[in-house]
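Good morning, and thank you for joining. Please look at the sequence and the structure now.

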Amino acid sequence: VRGARRGPCPDTPATGTPLLRALDAIHVASARLLGDELDAFVTDDARQAQAATAEGLRVISPGLTLAS
């Protein structure tokens, strides 16, 4: 997963790369590979949601309030 393009994620180091757990990063990267076949990326993890949003994915986060 590339660094955030629309602002930093929580705990983003000076490199601009969001701190994601390995499996979360794999999920975001896999969703990007699906492209237009994917309607939305669903997660309840704020960091993963922000990383997915930064990658241009439409994110549905039941129970989370995300900054736009």
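In this predicted model, contacts between residues at least 6 apart in sequence include 40% that join residues at least 24 apart. The chain has 68 residues, and 26% of them count as buried. Its secondary structure consists of two helices and two strands, which follow the order α-β-α-β from the N terminus.

Let me turn to the helices. How do the axes of α1 and α2 cross? Helix α1 covers residues 22–34 and helix α2 covers residues 46–54; their axes come within 10 Å and cross at roughly 30°. Because angles under 35 degrees count as roughly parallel, α1 is described as roughly parallel to α2. The crossing of these two helices is right-handed.

Which residues form the contact? From α1 there are D24, H27 and V28, and they meet Q48, A51 and A52 of α2.

I come now to the interior. In soluble globular proteins, nonpolar side chains tend to be buried together. Here the largest nonpolar core has seven residues, namely V28, A31, F41, A49, A52, L57 and V59. Helices α1 and α2 each supply at least two residues of this core.

Finally, consider L57, a member of that core. Apart from its neighbours within four places in sequence, what does L57 contact? Its partners are V28, A31, R32, L38, F41 and A52. Of these, V28 and A52 also take part in the contact between α1 and α2.

Conventions
Residues numbered from 1 in each chain as written. Predicted model: local features only at pLDDT ≥ 70, side-chain atom pairs only at ≥ 80, totals over all residues. Heavy atoms only, no water. Axes fitted to C-alpha atoms, helices over the stretch in contact; angles between N-to-C directions. Helix = DSSP H or I, 4+ residues; strand = E, 2+ residues; numbered from the N terminus. Parallel < 35°, antiparallel > 145°, perpendicular 65-115°, else oblique. Left-handed = near helix turned anticlockwise from the far one by under 90°. Contact = heavy atoms within 4.5 Å. Core = buried A, V, L, I, M, F, W, Y, C linked by side-chain atoms within 4.5 Å. Buried < 20%, exposed > 50% of the residue type's maximum accessible area, 1.4 Å probe, protein only.
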